[in-house]
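Please look at the charged side chains in the structure below and consider how they pair up. The report that follows takes up some of these pairs in turn.

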Amino acid sequence: MAKRQDTKKFFENLSGAGKSIGVLTSGGDAQGMNAAVRAVVRMGIYVGAKVYFVHEGYQGMVDGGDNIEEASWESVSSMLQVGGTVIGSARCKEFRSHEGRLKAAHHLVQRDITNLCVIGGDGSLTGANLFREEWSGLLEELVQQGLIDEEAAQNNSELHIVGMVGSIDNDFCGTDMTIGTDSALHRIIEVVDAIMTTAQSHQRTFVLEVMGRHCGYLALVSALACGADWVLIPEMPPEDGWEEQMCQKLSESRSRGSRLNIIIVAEGAIDRQGKAITVNNVKDLVVSCLGFDTRVTILGHVQRGGTPSAFDRILASRMGVEAVLALLEASASTPACVVSLCGNQAVRLPLMECVQMTQDVQKAMDEKNFEEAVRLRGRSFENNLNTYKLLSYRKADSELPNEEDELPYNSSFNVAVLNVGAPAAGMNAAVRSAVRVGITEGHKMFAVNDGFEGFYKGQIKEIKWGDVGGWTGQGGSILGTKRTLPAKHLDKIAEQIRIHNINALLVIGGFEAFLGVMELSAAREKYNEFCVPMVMVPATVSNNIPGSDLSIGADTALNAITDTCDRIKQSASGTKRRVFIIETMGGYCGYLASVGGLAAGADAVYIYEEPFDIRDLQSNVEHLTEKMKTGIQRGLVLRNENSNENFTTDFIYQLYSEEGKGVFDCRKNVLGHMQQGGAPSPFDRNFGTKIAAKAIQWISRKLKESYKEGKVFANTEDTACLLGMRRRAMVFQPVVQLKDQTDFVHRIPKEQWWLKLRPLMKILAKYKTSYDVSDSGQLEHVTRVRPKKVD
């Protein structure tokens, strides 16, 4: 452990004194750009640098003058919750010319700006890189023309560039998510959910066009998230003859009792010959072929608008801080880089490698090498596509494996699915995905109502493909869920497993689900019935499950918290000099409070994992008193429900009210169960769908391995697992091995990754703090993320 301490790098050693950073947004706008600008400005000022807004993108750099303006701490206040970009963006022809770039260089040198943070798409970032390559030549020209002197050229000899990808299309290789993508998905899903109710009433078919230029990400993920009947994307054009296939699928779904069809078309959709497929083509096809009442909806610029989602605010804030660190560490020899997210981890990648790979996708598509295009889009895109394919096609009964087939094992196993613990948005998406993938894999799926309680009472019945239609967008738990643990009812549960001949278990739920699977696997010695593969998928708003960085439902809860905090901040701004104390859920886990605080721009967040005393409370009050003297006359303080048994929400409210007398007044708000409800966010639908599909595929593998002499027998550690997301990958971990990583008294993991986001929140709220940057800083290569196939 001691050795790790030495290798820790703290950014206190990184000073920005004497440096100037310019921040600009360029190209098409995206929700979350403002959060990125705010983070760059505040982190820059925090490390002692000067930060300048460059208004209207590259156009402002070329025009100079008032377009380049020094930013202050207060000037980025209230930006976090605003969509678009406050500093303006423009597509600039002039910057493409040498003349334009010369003017831009001149305007930067006048203000000694040699660090640029560019937030935009691949075009904007390529432009920035070219600018950097030409920099020394441009300075020479400026000296020759007598516009700057030798000394200025000397002092500004190196230009450093860090990019952040802001684009709703998510079309930039090397990053799992670009800033704005999640918010665009929110807009699409809001529209689709609304359209579904009217389609249901009239038995209509809707054809929706979503944005994304030449990238099918938005179309693909929204199709996954709403359970669309058909999706058309540019990377994977449909096979020839798709028209009949699609119509057949639509009419089958109607004959099974569905009252509506949703078809999603990416704006760049093409067929195998490279001919565009438009929404109107698809509508005419459905009408002529099936005679269904069909309507077209083009979502258009709605997708770029609205407030950024919690995910985009956190992504942008993390990226903004990381970008400033990258600029401070840059040297003449480091290539221009982009900061991005891989899985759950911030990474730096060489800008041109990413751009090259992004251009390779287009090249592959032009050459009709579609498999290669999908592969180059990266892991996340490929996983989405594979999951969609798994779920989209219901095999006819004649195609399902039967007894006579040459199979080394009986492929028709009985798999039971249950929800355990408190409801979490996205549970139903996970159940739907599990049921359909299970059926596709040849299993018989059983649904257990009301968790382990329903299990021992025998509330178990077979669940078919059509039974889970339309479940993706439903909040809560349709199967019903209870906190009951199995330990007291082992005899009865074993009996039910025998009666229904259950060969495997999928448990979707929170901490009780984790405990339940542990109890069942511990009971294997005594009961043979529990010697079956069992896997748990984490679903809880609290995000307190060991072995997983994220759980289904937490994103929806974060969005609920963020939305409410936005409204509360607005109310506080109107009244002036008001501080709100807000209590969030989470048990002893401070995830919702901390990450919600980062997304909502809180001044302080109290959690159990980071003990606090009266002195901390006092310094927070003093900090707010100082803040009220500036132009920002409102405060937001979050407190996790179990952060401290004596410093209750009421206590903190009363303390702030007393200490703030004459300076600010106080209000309190307990958010309560609204954090558990609501329609699941696109992230939770998608995460639930993908993780459950993966769990079922694991179950199939384990059933194959443990099927001996006509029955399933699995009693090794690795057949009772938790499937969690760890940093960059989804990992199956035996529950027994997670024991040591768990604090059972407080129902939280002993180590939690998000604690390293807390200093970020404090920095952005103007507190001096220590920030461990040992995790960042290594420049990686795109090819390492995804090796190219060698022929």
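At 14% relative accessibility, does R204 count as buried or exposed? R204 counts as buried, because buried is defined as under 20% relative accessible area, exposed as over 50%, and partly exposed as in between (1.4 Å probe, protein chains only).

Before going further, note that this is a predicted model, in which local features need pLDDT of at least 70 and side-chain atom pairs count only at pLDDT 80 or more, while totals for chains, interfaces and linings use all residues. Residues are numbered from 1 along each chain as its sequence is written, and side-chain values use heavy atoms, with hydrogens and water left out.

A salt bridge is a side-chain nitrogen of Lys or Arg within 4 Å of a carboxyl oxygen of Asp or Glu, and a search of the whole structure finds 32 of them.

| D293 | R204 | 2.8 Å |

The buried R204 forms its salt bridge with D293. This pair links distant parts of the chain, 89 residues apart, with D293 in the loop between α10 (279-290) and β9 (294-298) and R204 in the loop between α7 and β6 (205-210). Helices (H or I, at least four residues) and strands (E, at least two) are DSSP runs, numbered from the N terminus. D293 is partly exposed, with a relative accessible area of 32%.

D650 is partly exposed at 39% relative accessible area, and K668 is partly exposed at 39%.

E190 and R187, by contrast, both lie in helix α7 (residues 181-202), where three residues, about one turn of the helix, separate them. E190 is partly exposed at 46% relative accessibility, whereas R187 is buried, with a relative accessible area of 11%.

Salt bridges can also join into a network, as they do for D122, D171 and R213.

Finally, E140, D149, E150 and E151 form a negative surface patch, a patch being made of residues with over 30% relative accessible area and no salt bridge, with like charges joined within 9 Å and nonpolar side chains (Val, Leu, Ile, Met, Phe, Trp, Tyr) within 5 Å. Of these residues, E151 lies in helix α6 (residues 150-155) and is exposed, with a relative accessible area of 55%.

How values were computed: Areas by Shrake-Rupley, 256 points an atom, 1.4 Å probe, with all protein chains shown as cover. Lys, Arg positive; Asp, Glu negative; His and termini not counted. Charge placed at Lys NZ, Arg CZ, Asp CG, Glu CD.
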